[in-house]
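Here are some exercises to work through with the model open beside you. Try each task before you read its solution.

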Amino acid sequence: MTVSADEAPLWQPGPERVAAAAVTRFQSWAAEHHGAPAEGGYPALHRWSVEELDTFWQAVAEWFDIRFSTPYETVLASRTMPGAEWFPGATLNYAEHALRTAEDPLRADAPALFHVDETQAQAVMSWSELRRQVGSLAAELRALGVTPGDRVSGYLPNIPQAVVAFLATAAVGGVWTSCAPDFGARSVLDRFQQVEPVVLFTVDGYRYGGKVHDRTATVTELRRELPTLRAVVHVPLLGTTAPEGTLAWADLTGADTEPRFEQVPFAHPLWVLYSSGTTGLPKAIVQSQGGILLEHYKQLGLHCDLGPEDRFFWYTSTGWMMWNFLVSGLLTGTTVVLYDGSPGHPDISAQWRVAEQTGATFFGTSAAYVMACRKAGAHPGRDFDLSRVQCVATTGSPLPPDGFRWLHGEITDDLWIASVSGGTDVCSCFAGAVATLPVHIGELQAPCLGTDLQSWDAEGEPHLGEVGELVVTAPMPSMPLRFWNDPDGSRYHDSYFATYPGVWRHGDWITLTGRGSVVIHGRSDSTLNRQGVRMGSADIYEAVERLPQIRESLVVGIEEPDGGYWMPLFVHLADGAVLDDDLRTAIARTLRENLSPRHVPDEVIQVPGIPHTLTGKRIEVPVKRLLQGTPLEKAVNAGSIDDVGLLRFYADLARTRH
């Protein structure tokens, strides 16, 4: 993807919007109280935030009025990565901050949560009711013997009960971990067995794609295979009664009990998230109460510009880090919109319908959804009242240039489009939304505050305007404390710090542009390296999938034993399309004209579908391993794939080639 330094922006915030933005007000305040630059806008603020890292995070803690029940000794006792030590001596509680709005008599009855399902039925939970249910459930968890550090697990969809269960767990100092109920038993056990939960919250089933999915048998298997469980709590989403040996949700949340928030050290675990685990057991990533609290205040309160007047929607499931990020919208007093259902039911416009129904001001989705809407000829701005939507944010993969143009044309030309990039590993963004900066097509607006984001070459030298490895050269508070069951820290170290000692290497190819924006080119661990030139797969997908005949594609590069290099492009065709010579020629021409002759594949192969992780990401590395001859059972963890049957096509292809 070429980046032109003089290209006009697609969108520019007006002076009133810039002046009203939280990041503008924060900069003025930080200039007065902490020596931040008063002039120079966001670029100057970002430079200060990484050069004066300790002062910046102290300023964030003060600006958002973090309630330290015991004071911190210093902001950053050790900058070593891994192992940075943040705010030693401090104690606090995440859930206390998430429920602060309920203490305001003027806001107590305002909506904290909107919940919508596929039937478009809407439920509202006020701040006072959310606080009451959390208080009741937290007391019951304590009565069950849950103590700080115990793991509490949820096999739940994106429903208010999941939010209540998480906040009650955090209130008692427990460690939350969750999977969505579309995960099969093996996938859930691969995750939960690692952390040995003492309580399991489950549903009897869920609705998705217009169908009811019973989960009774799966829950029975989970109960049998998780011997550390002391209690199972039944959430009757389908209306069934609690099975024998389980506790009923209503019995645990009916009391009017004042919440008691366990004051825990800053580095006390808040939750365990999981990597996709496509080639082995998922990594169980532990993040801290204090680290997440500060990082999410910064992201949601400054970068996403959220406040009490906002309604925050992001399409997600409880098995993806974006659910945790979404729930943190409560920190800023924002109403959080929970949607439980398929992104495409009853039609492709499902998410836009939710935005209209709930009055969403911040609309978060995946780049894949935006491109699917574009291909389907959807007209959300025409068909729905989206007048309250101020920002559309996308993640999961880079938003292609055509996605920017489509949103700009279909929603409104005064639309802040925030393509963001981060990871489960930090449960945050490295680069993305800034309300005061222009939006350029195909680019993320800027690196995030307090994030020393750089693009490095193989020798560890930073560069500008060229493709390099995404690295972070200074610690972030939400970086993992550790991986679960990694006593010597070797797996954690090898995941991020083996390539450049002491520096976080994330595994993405990026370009930092001369204007301070960021372009993401795809994963570097599935790098295409042709004739010594490294290329990102995302650039190829963006170009190829402009063609109406192609629904989705996957590209890998295979180093062959004879020293050759084979780069096939797999295409899943749209209904009625045929992979003939004309389409092959069109693919080659599109790649040659938009990228370079090097990007033209050696072969174009039609496939029955593209396999993804359970959170919707294309799986390039396992496909590459299969094509290199690795047996299917060793190339991929079957429980981490949405349709493992699709992989048999690639395994069969490998056999015919070898």
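Helix axes are lines fitted to C-alpha atoms, over the stretch in contact, and angles run from 0 to 180 degrees between N-to-C directions. Helices (H or I, at least four residues) and strands (E, at least two) are DSSP runs, numbered from the N terminus. This is a predicted model, in which local features need pLDDT of at least 70 and side-chain atom pairs count only at pLDDT 80 or more, while totals for chains, interfaces and linings use all residues. Residues are numbered from 1 along each chain as its sequence is written, and side-chain values use heavy atoms, with hydrogens and water left out.

**Exercise 1. Describe how helix H2 packs on helix H3.**

Step 1: Find H2 at residues 22-34 and H3 at residues 41-51; their axes lie 11 Å apart at an angle of about 50°.

Step 2: Classify the angle. Under 35 degrees counts as roughly parallel, over 145 as roughly antiparallel, 65 to 115 as roughly perpendicular and the rest as oblique. H2 and H3 are therefore oblique to each other.

Step 3: List the contacts (heavy atoms within 4.5 Å). From H2 come Val23, Phe26, Gln27, Ala30 and His34, which meet Gly41, Tyr42, Leu45 and Trp48 of H3.

Step 4: Sort these residues by type. Ala, Val, Leu, Ile, Met, Phe, Trp, Tyr, Cys and Pro count as nonpolar, Asp, Glu, Lys and Arg as charged, and the others, Gly among them, as polar. The contact of H2 with H3 has six nonpolar residues, three polar and no charged.

**Exercise 2. Work out which residues of helix H4 are buried, and what they pack against.**

Step 1: Apply the cut-offs: buried is under 20% relative accessible area, exposed over 50%, and partly exposed in between (1.4 Å probe, protein chains only). In H4 (residues 53-63), the buried residues are Leu53, Phe56, Trp57, Ala59, Val60 and Ala61.

Step 2: Look at their partners, which are H2, H3, strand E1 (76-78), strand E2 (85-86) and helix H11 (289-303).

Step 3: Take H11 from that list. The axes of H4 and H11 are 10 Å apart, at an angle of about 70°, which makes H4 roughly perpendicular to H11.

Step 4: Name the contacts: Phe56, Trp57, Val60, Ala61 and Trp63 in H4 meet Leu294, Glu295, Lys298 and Leu302 in H11. Seven of the residues in this contact are nonpolar, none polar and two charged.

**Exercise 3. Is Glu196 buried or partly exposed, and what about Cys427?**

Step 1: Note the backbone. Glu196, although not a glycine, has a positive phi of about 55°, and Cys427 has a positive phi near 45°.

Step 2: Glu196 is in the loop between helix H8 (185-195) and strand E8 (199-203), whereas Cys427 is in the loop between strand E21 (421-423) and strand E22 (428-432).

Step 3: Check accessibility. Glu196 has 42% relative accessibility, so it counts as partly exposed. Cys427 has 0%, so it counts as buried.
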